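Subject: Structure for you to look at

Hi,

Here is the structure I promised to pass on. Please open it next to this note, and I will walk you through what turned up.

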Amino acid sequence: NKRLAAAQVAFQLLYTSVFGAYATFLLLRTGSAVAVVLVHAFCNHQGVPDLSFLRERHALHSRRHLILASYLGGIVAFGVALAPLTAGFPTTFRCMGPGM
């Protein structure tokens with residue numbers, strides 16, 4: 001099915017682009033390639049979140065709202081904590097120096 005294949009490719013393009021932006025942000029903020037490699041390894045280990053609970057026949061379908069709220073809460077907490085947790089590292093990139 002071409003439509004399904006296109007949707008899968010679009011989804012993969014979206015999440016790899018978002019991760020690439022995050023990895024670039026992390027490298028520029030911390031100046032550490034090790035941090036980027038470790039985050040990449042962690043993300044590869046974790047994989048894409050399992051959304052199979054959205055199907056009606058899934059055992060956790062009745063708790064889908066709680067699970068989705070937990071996912072959303074985690075995304076918001078990650079976004080809020082991102083800048084403070086990456087601040088204060090010396091960076092070798094001039095574009096991230098004072099006044100930039």
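First, a word on ring pairs: rings of Phe, Tyr and Trp (its six-membered ring) pair if their centres lie within 6.5 Å, with planes under 30 degrees apart counted as stacked, over 60 as edge-to-face and the rest as tilted. By that rule, there are four aromatic pairs in the structure. One of them joins F53 and Y71 edge-to-face, at 6.0 Å between centres and 70 degrees between planes. This pair ties together distant parts of the chain, 18 residues apart: F53 sits in the loop between α2 (33-46) and α3 (64-86), and Y71 in helix α3. Helices here are DSSP runs (H or I, at least four residues), numbered from the N terminus.

Before going further, please keep in mind that this is a predicted model, where local features need pLDDT of at least 70 and side-chain atom pairs count only at pLDDT 80 or more, while totals for chains, interfaces and linings use all residues. Residues are numbered from 1 along each chain as its sequence is written, and side-chain values use heavy atoms, leaving out hydrogens and water.

Back to that pair: are its two members buried or exposed (under 20% relative accessible area is buried, over 50% exposed, in between partly exposed; 1.4 Å probe, protein chains only)? F53 counts as buried because its relative accessibility is 4%, while Y71, at 32%, counts as partly exposed.

Beyond its neighbours within four places in sequence, L27 is in contact with S32, A33, V36 and F93. The C-alpha atoms of L27 and T91 are 8.6 Å apart, although 64 residues separate the two along the chain.

Finally, F11 lies in helix α1 (residues 2-30) and is partly exposed, at 44% relative accessible area.

Best wishes

Terms used
Helices (H or I, at least four residues) and strands (E, at least two) are DSSP runs, numbered from the N terminus. Contact means heavy atoms within 4.5 Å.
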